[in-house]
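Thank you for passing this model along; my comments follow as numbered points.

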Amino acid sequence: MQKILLVISLIVTAGLSSSAQDAAKLLIVPARQIESDIRKAPANAMGESEINLIERTPDHAGILLRRTAPGKAEVHETETDVWYVIDGGCVFVTGGSLIGAHPEGSGQIRGTGINGGEDHVIAKGDFIRVPAGMPHWVKKINGKEIVYIVVKYTH
């Protein structure tokens with residue numbers, strides 16, 4: 001768990017732009033809290049649960065997630081996603097084009113899958129950065145679940 005906190009710290013300090021006020025705040029989420037949050041939150045009927053919103057500012061958000069089923073394919077027009085996989089794994093598709101693309105909120109486009117993307121097998125300990133505008137999709141869960149932290153930051 002200390003490796004997780006180190007990775008989160010590096011992500012937040014190296015990749016995020018924030019205002020001077022936000023940058024002056026220290027955020028520490030102890031490993032025991034992350035572990036406790038993971039244990040208490042089951043996935044919902046759609047196969048995903050936001051276990052804990054770790055932090056949200058105007059420039060970024062840190063979210064702890066559990067997924068037990070594939071989700072919607074998506075494109076974030078102005079947000080970059082940075083993932084650190086805590087446990088489990090999946091087949092993660094990037095690139096290509098969304099199938100049945102439709103807007104779902106400001107700057108968010110969703111679809112039922114991806115045509116022409118590249119499959120990646122990701123697992124515990126992997127780090128992924130999905131740039132804004134790139135289609136991505138959890139196509140298949142390997143094992144029973146994937147638990148990960150995603151930090152979203154805007155450009």
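1. A definition comes before the aromatic side chains: rings of Phe, Tyr and Trp (its six-membered ring) count as a pair if their centres lie within 6.5 Å, and a pair is called stacked if the planes are under 30 degrees apart, edge-to-face if over 60, and tilted otherwise. The model is a predicted one, and it holds two aromatic pairs. In one of them, the ring centres of Trp 83 and Phe 92 lie 4.7 Å apart with the planes at 50 degrees, so this pair is tilted.

2. The other pair joins Trp 83 to Tyr 148, whose ring centres are 4.0 Å apart and whose planes stand at 10 degrees, so these two rings are stacked. This pair links distant parts of the chain, since Trp 83 belongs to strand S4 (residues 79–94) and Tyr 148 to strand S11 (residues 136–154), 65 residues apart. Taken together, Trp 83, Phe 92 and Tyr 148 form one aromatic cluster.

3. A reader new to the structure may next turn to strand S10 (residues 127–130), which has a covered face made of Ile 128 and Val 130 and an uncovered face made of Phe 127 and Arg 129. Strands S4 and S10 run antiparallel and are joined by four bridges, and the bridge partner that Trp 83 finds in S10 is Ile 128.

4. Which residues have the most contacts inside the largest nonpolar core? This core has 15 residues, and those with the most contacts inside it are Trp 83, Cys 90, Phe 92, Ile 122, Ile 128 and Ile 146. At least two of its residues come from each of the strands S2 (60–67), S4, S10 and S11, and the largest share, five residues, is supplied by S11.

5. The surroundings of Trp 83 deserve a separate comment: leaving aside neighbours within four places in sequence, Trp 83 is in contact with a set of residues that includes Phe 92, Ile 122, Asp 126, Phe 127, Ile 128, Val 138, Ile 146 and Tyr 148. Finally, there is a second, separate core of 12 residues, among them Val 29, Val 82, Tyr 84 and Val 147.

Methods:
Residues are numbered from 1 along each chain as its sequence is written. This is a predicted model: local features need pLDDT of at least 70, side-chain atom pairs count only at pLDDT 80 or more; totals for chains, interfaces and linings use all residues. Side-chain values use heavy atoms; hydrogens and water are left out. Buried means under 20% relative accessible area, exposed over 50%, partly exposed in between (1.4 Å probe, protein chains only). Two strands pair if DSSP finds at least two bridges between them. A nonpolar core is a set of buried Ala, Val, Leu, Ile, Met, Phe, Trp, Tyr and Cys residues joined through side-chain atoms within 4.5 Å. Contact means heavy atoms within 4.5 Å.
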